[in-house]
Amino acid sequence: MTADMGLGRKLELFLLDLLYPNACPCCGKSLPWQAYLCETCQTELLAYPADAFCSQCGKPVHDCICGEGLAYDRAVALTVYEGAARKGVLSMKSAVSLQFGRFCGAELGKRILADDALSGYDMVAPVPMSRRKQLTRCCNPAAVLAKEVAAITRIPYRKDLLRDNGTGQQQHTLSAAQRRENTGQFSAGTVSLKGCRILLCDDVLTTGSTMNRCAALLKARGAAEVAAVAATTTQLKKTEPDD
Ligand SMILES: [Zn+2]
Ligand SMILES: [Zn+2]
């Protein structure tokens, strides 16, 4: 774990631990200053092999949604949104800790480097956070993830490709059909993305509608290919993400 960290990150973690003793964001167990997660939660998060998830849509293979017309071209997901992963996502939303996002970003970065189909991408970008959430949350979990993916893969991080217009309804209050029609929430920046291949990161992949809308906007700016990179993916017939 520490081999992936720069000196600045190590210093930050060491100093933070003096103020707030380090703990696993998924289970609360106390941890040495340099660890992101406890061994048990790490093992749980890494229990799924890469091929447990569809390489096109990013859902668990038994929940494949490829037939629904995706705007993104391929996908990589680390784990299923349940148990330790669900608690980790919630820990970032409540700003308890960024460690879950950093852990997942580093692991996704390694999977991207190991997958020939995901080589040669030009930029890493986060799904933007809604303006409403920007007021109450210290950070965008998708951005924490994306920055770590960028650091591991050495692909430039770009936060200016997409923005939230503040017009979106809370996704979890909408039906799947309504989510697809909830357009206009995002818009693309003004830069040309002609021919670019973009890794688009989010903390939870649910119906794919957020990724689809963002990917469609990037392609309208000229992007040649968009890959969805998700820390967690829901099992469609099981849990819905908490907002
Ligand atoms: Zn733990
Ligand atoms: Zn699929």
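## Zinc site

Along the chain, the residues that donate to the zinc ion (ligand 2) are spaced as C-x2-C-x6-C-x1-C. Within this pattern, Cys54 and Cys64 lie 10 residues apart and link distant parts of the chain, each placed in the loop between helix 2 (39–45) and strand 1 (74–80). In this predicted model, local features need pLDDT of at least 70 and side-chain atom pairs count only at pLDDT 80 or more. Residues are numbered from 1 along each chain as its sequence is written, and ligands from 1 in the order in which they are written.

The coordinating atoms are the SG atoms of Cys54, Cys57, Cys64 and Cys66, at 2.2 to 2.4 Å, where donors are N, O and S atoms within 2.8 Å of the metal (3.2 Å for Na, K and Ca). The angles among these four donor atoms run from 98 to 119°, and the site is tetrahedral, a term that requires all angles to lie between 85 and 135 degrees. Cys54 counts as buried because its relative accessibility is 13%, whereas Cys64, at 41%, counts as partly exposed; buried means under 20% relative accessible area, exposed over 50%, and partly exposed in between (1.4 Å probe, protein chains only).

Glu225 belongs to strand 6 (residues 225–233), strands being DSSP runs (E) of at least two residues and helices runs (H or I) of at least four. With 17% relative accessibility, Glu225 counts as buried.

The side chain of Glu225 makes a polar contact of 2.6 Å with that of Tyr121 and another of 3.4 Å with that of Arg74, a polar contact being a pair of N or O atoms within 3.5 Å, of which, within protein, one must be able to donate a hydrogen and the other to accept it.

Methods. Side-chain values use heavy atoms; hydrogens and water are left out. Four donors count as tetrahedral if all angles lie between 85 and 135 degrees; four count as square planar and six as octahedral if opposite donors are over 155 degrees apart and all others between 65 and 115; anything else is irregular.
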